[in-house]
Amino acid sequence: MKAILIFLLAPFSLYCQTSLDNTNPLTHRAPLQLAKLQNPIEFDGKISEGEWDDITTLTMTSHWPLFNEKPNKETLFRVAYDEKFIYFSALCYDDPKDVQFSTFERDIWNLTLDQVTLILDTYNDNENGVIFVVTPGGSRVDVSLFNDAQGDEPVDLSWNSYWEARTTIHEQGWSAEARIPLTSLRFQPESEGATMGLIVYRYTAQKKQMDLYPAIPPDWGFWSFIKVSKAQDVVIEPQSTKRPWFVSPYALAAAGYHHELPEGAASPNKLNDNKLTAGLDVQHAITENMNLDLTFNTDFAQVEADDQVVNLSRFSLFFPEKRKFFLERSSIMNFGFENNNRLFYSRRIGIAEGTLVPLWGGARVVGRLGDYDLGALSMQSRKKGDLASENFSVLRLRKKVSSGNSYVGGIMTARTGPKGESQMAYGLDGIFNLFKNDYLKINVANSWASQDSLSSDKFPGDRKRLYALWENRSSVGFNYALSYSQVDRHYDPAMGFEERFNYKAIGNKLAYGWFASESAALRLVDLALKNTLYFSNNNGQLESHLLSPTLNFEWKKSNKLQLAYMRFYDRVLTPFELSDEITIPAKKYVNHEFSLKYDTPPVGFLNCIFLGKMGRFYDGDLYSISITPNYTISKYLTISGFYAYNRVSFSQNPDYKAHVARLKISTSLNVRLSMNAFVQMNSLAKLSVANFRLRYNQRDGNDFFLVYNAVLNHHARHDELLPFDDSQAVIVKYVHTFFVD
């Protein structure tokens, strides 16, 4: 153990020697002073004011399909500010017949939409940022990004802000104006002004062409164009900005019912879910870079339901957070290990075993104090059935430790019951930019429960959680990762998420990616080999071994092909249920899986993802196929779907068959009114879920929602006692935001 830690910590000395010399011309551009508007502009999306003519346009460089080429379509992109707003305008020269947008609906962000975008690293921390997207139809997308755009999904579309945009399609192409209140941004004020990172881009869907400022190479994978550590530093003068209170009361009325079958009962009980209630959310910037959120009688009725999935493993499934209250600057609260494992998982608050738990409310503070990132949260749940009222609290602190993207920090979580009984977890972490694209991440955590005696061998000996990762974050050329993970037997992050417990793991990845020649139809080829070994803490024996080589191809038209093989050795110590009829016995297994995944070009109005798998699965033969189509019929109507069929033929068990299907119909009549109908079917769970949501967004902060939810049983369960209609509800909710200076 000591040898492993010495090996993993040794690069820290190299970091101390090299971090000051870690220069990169892409990250050390001279700061740019943003232009300040002297006179008001007419905010109409036409860019006809002379004020804009006095603002220097940003020099765009192609990012897709080829990097560092001169754009073949001219874009006049300008950014400025005044005492109240940051503005950006874009005049996009094009044939108006080629201007493409597929929806008016807010927060739809994909490659079928022409778009212009401003990205701000408001704290200039080279890790987090906010994204403001405008499409030709006037629809807006606001997104938060984290982890310097590293990973498969380093963005969160559930984040929303207060801002405005106007657009016009004309004979020269199309144009856009947007203004973002300084009160909607959190930034670090200094006596000489505030410095932020800035990236802007224009994307043209028909050609899948992106032009970018500043020039950022696509060396870090798909999300390279929002990599804020490569942004241009910009400066705005000191501002005496007012910090208003955003007070958002809501009223909600609901009518519905659900069925419950008590143990031993002959028939289910039908229970009414009628409700008439109100609540309050409050937002206030304590300082220019510190935000306070308060909530009372918290409600998330308008949040879309989770996707139905089939779990073909013996480990827990992870579902992402969708509730707005927990999302702003949520990356501050992140204390993550490998995969989705983390010390704090906000879905532990207000959700228990997939069921909503009512909340009295709570408070949340996130922001920056000097070089410190601070996050604090406290929420109180209500009693529901057998679930007692609990308090959930988190405190997070991080500090930037060098001019590179390096941090050290700590976290503490506490889950406290009505009698003072508590479960706590705490940890220290660090991310160190060793040199260029090499990073070292170290996390050390421990958990503790109030019922544990301090003299017990459970404290702190077998409640530890360790994780260390050394990785090269580039996706072009030779890149790699080496990790060590340890989860002790009694480690229990009561507010966290863990897929499995009581193990040690060593993992590595070797990969090589290269761009094809300019004349080739291919754009990128990537070959990777992942290898992870899991050892039992009880006896040190090998518990699981995952070996997976993959080969990825991406064409210049954006279609993709992935070929993969997975060998998974698994020593099952305790039998687990795959379904009500199928139990996997305890013994050693060697699973093999071949998969093929193909993505059609996502830039057209009809696109699709195909995935096929076959192999050996726990003494059975696995066959799996899925299809994810998306069809934009017009800018008013989009239909998307998903269908997956999984079958495992066992020699000793019945055949395992599971169908999962989803159908979503989205309509948007204009930028204010949208409707979504969502139907899901899961044959394994023997139920279907239906959801309809109408949203009228009069302006930011003022929303009317009409929601219908239903759960239907495919056929009677529990000895044919449950009815066909398991539950139904109709919900009306109105939120109105007042701006108080």
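Q: Which residues is Asp142 in contact with, leaving aside its neighbours within four places in sequence?
A: Arg106, Asp107, Ile131, Phe132, Asp156, Leu157, Trp159, Asn160, Ser161 and Trp163. Contact means heavy atoms within 4.5 Å. The model is predicted, so local features need pLDDT of at least 70 and side-chain atom pairs pLDDT 80 or more, while totals for chains, interfaces and linings use all residues. Numbering starts from 1 along each chain as its sequence is written, and side-chain values use heavy atoms, without hydrogens or water.

Q: Why does Asp142 count as buried?
A: Its relative accessibility is 0%. Buried means under 20% relative accessible area, exposed over 50%, partly exposed in between (1.4 Å probe, protein chains only). Asp142 therefore counts as buried. The residue sits in strand β8, residues 140–145; a strand is a DSSP run of E, at least two residues, numbered from the N terminus.

Q: What makes the Asp142–Arg106 pair a polar contact?
A: The two side chains come to 2.3 Å. The term asks for N or O atoms within 3.5 Å; within protein, one must be able to donate a hydrogen and the other to accept it, and residues adjacent in sequence count only through side-chain atoms on both sides. The pair qualifies as a polar contact. A polar atom of the Asp142 side chain also lies 3.0 Å from the backbone nitrogen of Ser161.

Q: Why is Thr61 called buried?
A: Its value is 14%, so Thr61 counts as buried. Thr61 belongs to strand β3, residues 61–64. Beyond neighbours within four places in sequence, its contacts include Asn68, Met210 and Ala215.

Q: What makes Glu83 and Lys36 a salt bridge?
A: Their N to O distance is 3.3 Å. A salt bridge needs a side-chain nitrogen of Lys or Arg within 4 Å of a carboxyl oxygen of Asp or Glu. The pair is therefore a salt bridge. Glu83 lies in the loop between β4 and β5 and Lys36 in β2, so the pair ties together parts 47 residues apart in sequence. Glu83, at 49%, counts as partly exposed. Lys36 is partly exposed too, at 24%.

Q: How do you know that Arg398 and Asp373 are buried?
A: Arg398 has a relative accessible area of 5%, so it is buried. Asp373 has 0%, so it counts as buried. Their side chains meet in a salt bridge at 3.2 Å, N to O. The pair links strand β23 with strand β22, 25 residues apart. A salt-bridge network joins Asp125, Glu127, Arg368, Asp373 and Arg398.

Q: Why does Phe478 count as exposed?
A: Its relative accessibility is 51%, so Phe478 counts as exposed. Phe478 lies in strand β28, residues 477–487.

Q: Which residues make the nonpolar surface patch?
A: Phe478, Leu510, Tyr512, Trp514, Leu527 and Leu529 make a patch of about 590 Å². Patch residues have over 30% relative accessible area and no salt bridge; nonpolar side chains (Val, Leu, Ile, Met, Phe, Trp, Tyr) are joined within 5 Å, like charges within 9 Å. Areas come from the Shrake-Rupley method, with a 1.4 Å probe. β29 gives the most, with 3 residues.

Key
Helix = DSSP H or I, 4+ residues; strand = E, 2+ residues; numbered from the N terminus.
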